[in-house]
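Visitor: Hi, could you walk me through this one? I'd like to hear about helix packing to begin with.

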Amino acid sequence: MAQAALTIDGLSVDFEGFKAVNGVSMVIEEGELRVLLGANGAGKTTLMDLITGKTRSTSGRVFLHDTDITNWEEHKIARAGLGRKFQIPSVFKELTVRRNLEVASCKNPGVFANLGFGFGASAKQNVDEVLELIGLADEAHRIAAYLSHGQTQWLELGLLITQNPKIILLDEPTAGMTQAETHKTSLIVNNLRGRHTIIVVEHDMAFVREIAERITVLHLGQVLAEGNVAEIETNPRVREAYLGSKGIS
Amino acid sequence: MSAKRRIEWAVYALFVVAIMIAPLIMEPFWLNRVAKYLVYGMLGVAVALSWGYAGILNLGQGLFFGAGAYMLAMSLKLASPTSLQQGSDRPVPDFMLWNAEPGAPTELCCINKASFLWLPFQNQWFGTAIGLILPVATAAVLDTILFRKRISGVFVSIITLALVLLVRLVVIDAQPVTNGFNGLTDLGWFKVLGLEFDPYIVPTYYLVAVSLSLVLVGARLLVDTRAGIILQAVRDDQNRARYLGFDVPAYQTFFFCVSAAIAGFAGMLYVVVSEFASPTFMDLTFSITMVVWAAVGGRSSILGACIGAILINTISATVSETEGFAEAWKAIIGLIFVLVVLYLPRGLGGLAHDLVDRIVTRKPASRELRVSDPSSQLAE
């Protein structure tokens, strides 16, 4: 059995009496690709917020490998090796595509360490590779604000790939994409498999089928079921709670 | 270096040469005026850094300008000949004695309860140093609190605005040590190695012109460093930058401190060329006027904001002294502001950047064409 990359142990948050996430535990192994499923309000995004430090948990712990990162500040968790893609694509809109990736390639977070010019030759090579991977090499000198929605999503994925964290959290990476764009996104995500541990929150079942190994289903802030696509599709509790009687279609 | 970058540096060089040769064609009266406008140009640089590059509108920039101005003015007040003629062996500001209680000692230590604060200012270099240190320290404390607490956008503007007005009130109220409404007047001259900077001589103009050139080039280089680029990334999307591992408040605070240092430095130079410091530096209108300069010149362009400040002040001086416009000049400045905001939202600097883009790429309006990419309609 592989080593655990991310361990979540009894994580809960209490918003003045409402438990958006209630005692969630799961172990994600090194190199695994895990999909988080759940209806609206099941606590998927809140769980991401708790893991990445955006929201402070009220109980439970989060471990990145052996490091306890519970309730650290966001940038420290990011530096510890956890990257996140937001549901609403977030890139640096007034910078060029290349500049966006250069910022992500910056290895030293301090202000004073960055009072020099240029990001270095290794960063340039890294950025060139990522531009190829996300298919934006021809757009490298465009201002990010002028990219299409799909391209913006890919650029944000590119930021994560450049940042090169051990664990990548993707919050609905195909939201608002056409079928062709969704397919291209699944190619990019599949390309990352093995090199990173990946957790994906997703609604689009076509996309889930293209990428999923293991699925964890959340319901009302708790883990409802865990298994591969076939197991989840046939699990009666999941069908009842989320998929309806028709199953995954 | 790209063609665009080369053109940009050429424009900077042109500007520096222009302000360096100005004394050859100008009489001393205008030279002193232009020196003041160059100081305003430096304030434009400070606003461009905080508003254009950090993306946070500081409506209290006058606080740092005022702090720098008062600190140096206190030293220069003590250097004034009248301060030596107050019946004491050591210099004493005249206004302090006018307001002193009958029978009070005439020594700086104990004229009134707070007059001892003036003691270290007997050394001109103390005033000069504290004129930089005080704005930076204030900015560091204030902005660390604001940005760590993640107070955003308009609330920072409101807090900084309130703060500058508060300090203005305190300065007016502390009349025994600050001379209140009247401010500090009748100042001595700034001295370096025996050279006295009389505001109407050419070396004083060059003190300002060289300072501005250094600040301009320094600020332009600073926003080109990795830290400067990361700051712009923070401006565009704070959360994204945070999740890439950057300590966002540290970047914002650092650049606000640089901006405060430039404003404080400008305040000191202003005192040298105008020979007074007054609470009007901390008026609401002055801090807002700085923002207007930067908006007209282009807040995301260091040189643009600087030229905007110089241009507007030159225009207002010229217009307000033209007989027909003597009453209407404020309306004319207001009209220019409205037109720029409506038709040139990125200011003159933005216009210049677009023009250079066209010359370099020779593909006019290519940006608008690219935006109509069919997949972009998915954005909503």
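Visitor: How are α5(A) and α6(A) oriented to each other?
Guide: In this predicted model, helix α5 (residues 149–163) of chain A packs against helix α6 (residues 179–192) of chain A at an angle of about 5°, with the axes 11 Å apart. Angles under 35 degrees count as roughly parallel, and α5(A) and α6(A) are therefore roughly parallel to each other. Helices here are DSSP runs (H or I, at least four residues), numbered from the N terminus. Axes are lines fitted to C-alpha atoms over the stretch in contact, with angles running from 0 to 180 degrees between N-to-C directions.

Visitor: Which residues make that contact?
Guide: From α5(A) they are A:Gly150, A:Gln153, A:Trp154, A:Leu157 and A:Ile161, and from α6(A) A:Glu181, A:Thr185, A:Ile188 and A:Leu192. Two residues are in contact if their C-beta atoms, placed from the backbone, lie within 7 Å.

Visitor: Now chain B: at what angle do α2 and α9 cross?
Guide: Helix α2 (residues 28–53) of chain B and helix α9 (residues 202–222) of chain B cross at roughly 15°, and their axes come within 9 Å. α2(B) and α9(B) are therefore roughly parallel to each other.

Visitor: What residues meet there?
Guide: Among them are B:Met42 and B:Val45 in α2(B), and B:Leu212 and B:Val215 in α9(B).

Visitor: Where else do B:Met42 and B:Val45 turn up?
Guide: B:Met42 and B:Val45 are listed with B:Ile230 and B:Ala266 as having the most contacts inside the largest nonpolar core, which has 168 residues. Such a core is a set of buried Ala, Val, Leu, Ile, Met, Phe, Trp, Tyr and Cys residues joined through C-beta atoms within 7 Å; buried takes 20 or more other C-beta atoms within 10 Å of a residue's own. The largest share of this core, 19 residues, comes from α12(B).

Visitor: And what does B:Ile230 touch?
Guide: Leaving out residues up to four places away in sequence, B:Ile230 touches A:Val103, A:Cys106, A:Asn114, B:Ala241, B:Phe246 and B:Tyr251.

Visitor: How many residues does each chain give to the contact between A and B?
Guide: Chain B gives 29 residues and chain A gives 32 residues. On the chain B side, α10(B) provides the largest share, 7 residues.

How values were computed:
Residues are numbered from 1 along each chain as its sequence is written. Chains are lettered from A and ligands numbered from 1 in the order in which they are written. This is a predicted model: local features need pLDDT of at least 70, side-chain atom pairs count only at pLDDT 80 or more; totals for chains, interfaces and linings use all residues. Helices (H or I, at least four residues) and strands (E, at least two) are DSSP runs, numbered from the N terminus. A residue is buried if 20 or more other C-beta atoms lie within 10 Å of its own, exposed if 12 or fewer, and partly exposed in between; C-beta atoms are placed from the backbone. Angles under 35 degrees count as roughly parallel, over 145 as roughly antiparallel, 65 to 115 as roughly perpendicular and the rest as oblique.
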